[in-house]
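Reader: I am new to this structure. Please take me through one part of it closely: the place where two of its chains meet.

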4 protein chains.
Amino acid sequence: MLFFQNDYGQGCIPEIMDIMVRTRENSYKGYETDEQCQLARELIRAQMPSKDVDVHFIMGGTLANLTMIRSVLRSYEAVVACDTGHINVHEAGSVEATGHKVIAVPHVNGKLTAKAVRKVFDDSMLQYGHMAYPKLVYISNSTEVGTVYTREELESLREVCDELNMYLMMDGARLGAALMSGVDYTLDDIAKWCDLFYIGGTKNGALLGEAIVITNEDLKKNFIFVMKQSGALAAKGWILGQQFIGLFQDNAFFTVAKREVEYAQQIQTIANELKYPLYIRSSTNQIFILVSEDEFSYLRDQVAFEVWEKLESGYVIRFVTSWHTTQKEVDQLSIYLKQAKLLGNLDDPTY
Amino acid sequence: MLFFQNDYGQGCIPEIMDIMVRTRENSYKGYETDEQCQLARELIRAQMPSKDVDVHFIMGGTLANLTMIRSVLRSYEAVVACDTGHINVHEAGSVEATGHKVIAVPHVNGKLTAKAVRKVFDDSMLQYGHMAYPKLVYISNSTEVGTVYTREELESLREVCDELNMYLMMDGARLGAALMSGVDYTLDDIAKWCDLFYIGGTKNGALLGEAIVITNEDLKKNFIFVMKQSGALAAKGWILGQQFIGLFQDNAFFTVAKREVEYAQQIQTIANELKYPLYIRSSTNQIFILVSEDEFSYLRDQVAFEVWEKLESGYVIRFVTSWHTTQKEVDQLSIYLKQAKLLGNLDDPTY
Amino acid sequence: MLFFQNDYGQGCIPEIMDIMVRTRENSYKGYETDEQCQLARELIRAQMPSKDVDVHFIMGGTLANLTMIRSVLRSYEAVVACDTGHINVHEAGSVEATGHKVIAVPHVNGKLTAKAVRKVFDDSMLQYGHMAYPKLVYISNSTEVGTVYTREELESLREVCDELNMYLMMDGARLGAALMSGVDYTLDDIAKWCDLFYIGGTKNGALLGEAIVITNEDLKKNFIFVMKQSGALAAKGWILGQQFIGLFQDNAFFTVAKREVEYAQQIQTIANELKYPLYIRSSTNQIFILVSEDEFSYLRDQVAFEVWEKLESGYVIRFVTSWHTTQKEVDQLSIYLKQAKLLGNLDDPTY
Amino acid sequence: MLFFQNDYGQGCIPEIMDIMVRTRENSYKGYETDEQCQLARELIRAQMPSKDVDVHFIMGGTLANLTMIRSVLRSYEAVVACDTGHINVHEAGSVEATGHKVIAVPHVNGKLTAKAVRKVFDDSMLQYGHMAYPKLVYISNSTEVGTVYTREELESLREVCDELNMYLMMDGARLGAALMSGVDYTLDDIAKWCDLFYIGGTKNGALLGEAIVITNEDLKKNFIFVMKQSGALAAKGWILGQQFIGLFQDNAFFTVAKREVEYAQQIQTIANELKYPLYIRSSTNQIFILVSEDEFSYLRDQVAFEVWEKLESGYVIRFVTSWHTTQKEVDQLSIYLKQAKLLGNLDDPTY
């Protein structure tokens, strides 16, 4: 069966496995203090020369998010996010479990706007002391629905954060795809805009691991304590460092993401040509289309994919490309999509 | 200046102060274990003969809510509430501070529907384990905007909770007003429908204090530990018991609420006749009307009230009646409302 | 039955009840913003002219402690306390419930030493990042066993906190008794030594309430949010302010404490003369003595007191004097103590 | 330099790396739901035929502990542990961060006794409701200082837990070493005694990962939610499953642990013969000896080890053997130990 279910369904790119195999018997000090993490750190820092950043390595996205948020906020402070934001929906209340409210606002194309942030802040201050204090803005880039923030949107968010004395944090689980989607900004720009963010490894070719980047001097201190407290300080931390050596020493991070996006965009184009309605227009490696019951029945026997939403008639389904996706698989998916459409329209004389 | 700002702006009914004065020098064991709390408990139990209930006394509404919710939920469980729910908006993230997500859904007339509860539950189970588990339904009765749940609505909520194995909790900060608004149910019915609820004292004539009622056998055990852990176990607990002796031994709880509602309804009727648009039709002791800038300017010099919302032009303002409100004050407010309307329409030939 | 069980077993001094009765029908804005709280604040500030302090009013001791600690600490920071400290033993894990470890160290005469604080800090830094970060020193004065910190001890604690960049917090549930025990320091000195502390009302003649004093500029900001989040912001906050008007406008705070201490010291002297072993030598209003089984049996029928500890043979029991204790009661207790001793030694020819 | 610093300083046994390499390109569903985790589960279940157990895989020890404890306890409940227990000392307050108190009691040979558990329970119940409720007993086996619980000790702990209605949890970070230390019990016995425990992979030859085993039916439900909430549900969960396939399909778990223990015991014997005082007599893979300043200076240039404690004169140091330790390394360490002793005693004519 074809696999387009997600971008974390296969192991890792060969470069990474090679490093792991090669160093299997080496002795390291662990807890992020070894030379492998140091090398990974340097490679990441080289991507953002404008800022002097701290880099930490954490095993997964939810753990990264909760550790970062817990680290930034004081007890009474809250984080503002889209209603579609990963921390609001798909992390089982992990932020709240650290004691902080997620103030959710309606998304616009999967994104949080500067205007919405300002409204949340103003509303919260109306009865000073009676509502949670919004201190941190959380955005995902690319978003949970495959869209990407523009330079202007990010600059506006930075501006509103500066004005309201708030922090800006980016969940970069799929940051690679965002950067390879044709935007006019780089990791260095991200580092300039965000107080902290993470570069996703798990969904971009690594076996596991996310690299947390802290750019704001005030947020760097004692982060290691929060990691340990959250169970997020890996004993064999060098394994995490190695993921990012593999991703950044020869730019695999970018080439993997670029290929993922290209393949996904092919799928979106074909789906569009085949008259599958798009749920949202994605510019990254996640594609969301509407299918009828018949189309669904046919496709699910050929392809592994995610059901995003059950509609009254039909479904929103999601195809995701990964580091492992091939042109051949994309071509095969196109054939299935065509056949599903034909089957689904056998009775439709206009088709 | 007239005071219609809220229902907790004056001390308490004389019956309660009398008890406090009379017992000032008595020696009690404290921590809810004394005879005063025991008497208050019996008076409350007499209101709900159908159930064998536990009763505890807590100093305020937010503290009551967070203690009850923390007591009921396991770490991964969440509470479902209206977006307008007090715990979602005006408790500064106190529920989240106990580690639990508040899943907010759009209100209907200030109320949570059984249908909305079911949808939250079904959505949360879609990706089993990835979303917080909805276990508790939180409603306020009367609601934050003065509306009241009908018998049918409460029965539906009880039904959906039974079906989904969820608990139903009622925030009764203004339960007196709800019960005196003309509904066809009693405290005994509330006890049958809810797994736990609290009877508000602070906003219904007491100096301070809320009476928590636990009807579900499974939720009774060790509640005292959660109270202590939350800083909610009063050393001189008998003071809290005395509030409810004062409220229930001669039915002041009901007579105070009845009078509050009647006065407020007079205000709503007059405002309506004067063509002030209603923000929402209230059936209790909080009245919400729309006023123009001019009307606002005039009124705020005569009357203390709350600004509920700033509109593009004008305001939503709230008048609340309390145990201390008099017919004379209501009449005077009517005069001010009339004058404000006249002033506001000096240039309007059709008025 | 004589009542020496605790210092919070009777209502309040008449001055306070008078204020409450007199203002019962006044309208106030609530939430600490009214003129009553403002007056109480000024009276407290007048006691500590050396510092510019913030004052807040909270309903009880556990709630005060957890709110203050939660307000001061970041997620990974811990509080250092005696093993006998109230927050470590008798608050049902309320500090841990806010997410913070209480690092308990063996007490010396019920007190925490500067040396112990330094050792905890040094040990915690040994494996940097792997142990909770000790940031706050918690002491009770007077202590849970009736002892009092000397000027030298408090200066040492301040010094070690300055050196290690830690905060010093005093739980003043029985601060009145400490100050009236013959020490050479005042509230003004406390304000100079501590970053924050609270002045206990509940155990010193008030009906309820503690006054939190914040002296450290960095800790003042947004405290009201933490209060609200903890359910500790009283709607009818003026009631709490009134307690401290009653305590400080004519120095009742000090006269009550002075009398309590004098009576308790009489009891300790008599017990000592009667050869009751002292569990610890107290200089305040709590007295701890050892009694045999026979003495215990006799006393418990005449006097309400607390059992502090069950020994292999006999008990440690505690007598506490309160604002309500009279010379007559003390004399009667002396008689009981004498009789118990006689009865307990009927068979002892040497007695 | 020789490496005896810890048992998590090198990658993993070849069997595990082989599986990872071989399956690198396979597509899996993730989140513990794949066939690799299923196989690992079956292998672990085969070790404990007496019980029907649930098995989950988590990335590291601190994360395992906090997830398990958070899952078991209600808000007001506490965990009882040795003062030397890992959760009490070296997890940066991670349990408290989930809201629960760790009640620490003095260890006996690194172990917690049934008697101590009973005392904690009885003391906590003295003032019912005022102290945290002890509900869970936490032990490490082998302990943090290399000792191992006997069958009798474990049976006593089980008994006291049954009697007091408490749960028993074992931190098995080094369970392999405990089982290979010559004890008369097996994994199946552990499963019978404990309500839940984890089998450590990270410190016993795996690249990362611990296997949580839940034997108590009441504790199984919805554990996946707590994992997700804690950031402990790995997207590429099959990697964790593979660790335990590697450890259990050909008994590497036991052979690795056996070898570790044998090598470590050789070191302890030699150290003893060389008259190095033992800090504690270990029966597992961690050896603790006292060295003088001179011995320390010599050794630290030849061998990587941990400093356990700084003494007034000299040090307690720890040597740990790992899956990667060889006989040759042990022999070399013996030579260094001998030389250090010679150098350290050059001036001692009696040596």
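Author: Start with chains B and A. Here 17 residues of chain B are in contact with 18 residues of chain A, contact meaning heavy atoms within 4.5 Å. This is a predicted model, in which local features need pLDDT of at least 70, side-chain atom pairs count only at pLDDT 80 or more, and totals for chains, interfaces and linings use all residues. Residues are numbered from 1 along each chain as its sequence is written, chains are lettered from A and ligands numbered from 1 in the order in which they are written, and side-chain values use heavy atoms, with hydrogens and water left out.

Now the area. The size of an interface is often given as the accessible area lost when the parts come together. Chain B and chain A bury about 1,400 Å² between them; buried area is the accessible area (1.4 Å probe) that two parts lose on being put together, summed over both. Carbon and sulfur atoms give 49% of that area. Three residues stand out on the chain B side. H90(B), E96(B) and K101(B) supply 35% of the area that chain B buries against chain A, more than any other three residues.

Next, the charges. Between chain B and chain A there are 2 salt bridges, each a side-chain nitrogen of Lys or Arg within 4 Å of a carboxyl oxygen of Asp or Glu. K101(B) takes part in a salt bridge with E96(A), at 2.6 Å from N to O.

Polar contacts come next. Chain B and chain A share 10 residue pairs in polar contact, both at pLDDT 80 or more. A polar contact is a pair of N or O atoms within 3.5 Å; within protein, one must be able to donate a hydrogen and the other to accept it, and residues adjacent in sequence count only if both atoms are side-chain atoms.

The buried area is about 3,700 Å², and carbon and sulfur atoms give 59% of it. The salt bridge count between chain C and chain B is 0.
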